[in-house]
Amino acid sequence: MKKIFLDCGTHMGEGLNKFAEAYNMDKNWEIYSFEPNTYLWKDHVEQNIHDNIHYINKAIFTNSNIITFNIAYPNTDASSIYKKHIGDNYYGSIDVECLDLSAFVLENFSKDDFIVAKLDIEGAEYAVLRKMITDSSLEYINELFVEFHSHKDEHAILENGESKDSTFKLIEEIKALGIKFTHWI
């Protein structure tokens, strides 16, 4: 049994540091840090917080295509594949390679592994989690921490068509699989 941590949307490693401390992540853990924002990713890699991290400069999504990634001004809201998500903080866009999280989990791990995953992927979490439910790759995850981006406005319909109601339904589907779920903020 391997111990795995998937940090999807690493930003500058703030969450990674919290999880490393909370789970006492030592050299026995395999840590995967995914961050599509090239500028943040370079800074994070240079920090080299832990020796056993696989740094991957890709956006977590439902396929392995190239996608337009919208960058927010530094020190403002997070960047996203959804331009509307970053609003007035839009700085510019870059094309980034995606990583199909379902395929990555199915190809690299087993259900015997202990996998903790944190998803803070700025609106893409809905499509990613639905695909993982459909292809059963989510069943590989033991503990799941997700920042859902419908929490900012109770009545909002996000650019990806999601709402607070659809978020609650998705959380119930995750919990029904027996996965320990925590809302990450």
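Predicted model: local features only at pLDDT ≥ 70, side-chain atom pairs only at ≥ 80, totals over all residues.
Local features are reported where pLDDT is at least 70 and side-chain atom pairs where pLDDT is 80 or more, while totals for chains, interfaces and linings use all residues. Residues are numbered from 1 along each chain as its sequence is written, and side-chain values use heavy atoms, with hydrogens and water left out.

The protein contains six helices and nine strands; here helices (H or I, at least four residues) and strands (E, at least two) are DSSP runs, numbered from the N terminus. Of its 185 residues, 50% count as buried, where buried means under 20% relative accessible area, exposed means over 50% and partly exposed lies in between, with a 1.4 Å probe and protein chains only.

Let us turn to the helices. Helix α5 (residues 125-134) packs against helix α6 (residues 164-176) at an angle of about 35°, and their axes are 11 Å apart. Axes are lines fitted to C-alpha atoms, for helices over the stretch in contact, and angles run from 0 to 180 degrees between N-to-C directions. The crossing of α5 over α6 is left-handed, a term used if the near helix is turned anticlockwise from the far one by less than a right angle (right-handed if clockwise). On the α5 side the contact involves Tyr126, Leu129, Arg130 and Ile133, which meet Ser166, Thr167, Leu170, Glu173 and Ile174 of α6. Five of the residues in this contact are nonpolar, two are polar and two are charged. In this grouping Ala, Val, Leu, Ile, Met, Phe, Trp, Tyr, Cys and Pro count as nonpolar, Asp, Glu, Lys and Arg as charged, and the others, Gly among them, as polar.

Helix α5 also packs against helix α4 (residues 101-108), here at an angle of about 40° and with axes 9 Å apart. The two helices α4 and α5 are therefore oblique to each other; angles under 35 degrees count as roughly parallel, over 145 as roughly antiparallel, 65 to 115 as roughly perpendicular and the rest as oblique. Leu101, Ser102 and Val105 of α4 form this contact with Val128, Lys131 and Met132 of α5. By class, the residues of the α4 and α5 contact are four nonpolar, one polar and one charged.

What lies inside the protein? In soluble globular proteins, nonpolar side chains tend to be buried together. A nonpolar core is taken as a set of buried Ala, Val, Leu, Ile, Met, Phe, Trp, Tyr and Cys residues joined through side-chain atoms within 4.5 Å. The largest such core has 39 residues, and Leu6, Leu101, Leu119 and Leu144 have the most contacts inside it. Helix α5 supplies the largest share of this core, with four residues. Another core, of twelve residues, lies apart from it and includes Phe5, Leu16, Trp29 and Ile53. Beyond residues up to four places away in sequence, Leu144 touches Ala117, Leu119, Leu129, Leu138, Ile174, Ile179, Lys180, Phe181 and Thr182.

Several single residues also deserve a look. Asn24, in the loop between α1 (14-22) and β2 (29-34), has a positive phi near 50° although it is not glycine. Asn24 counts as exposed, at 58% relative accessibility. Glu122, in the loop between β7 (114-119) and α5, likewise has a positive phi near 50°, but Glu122 counts as buried, at 8% relative accessibility.

Asn37 sits in the loop between β2 and α2 (38-47) and is buried, with a relative accessible area of 5%. Leaving aside neighbours within four places in sequence, Asn37 contacts Asn57, Phe69, Ile71 and Ser79. In strand β6 (residues 90-100), Leu99 counts as buried at 10% relative accessibility. The C-alpha atoms of Leu99 and Ser64 are 4.8 Å apart, although these residues are 35 apart in sequence. With neighbours within four places in sequence set aside, the contacts of Leu99 include Phe34, Ile56, Phe61, Ser64 and Phe104.

Note on methods
Contact = heavy atoms within 4.5 Å.
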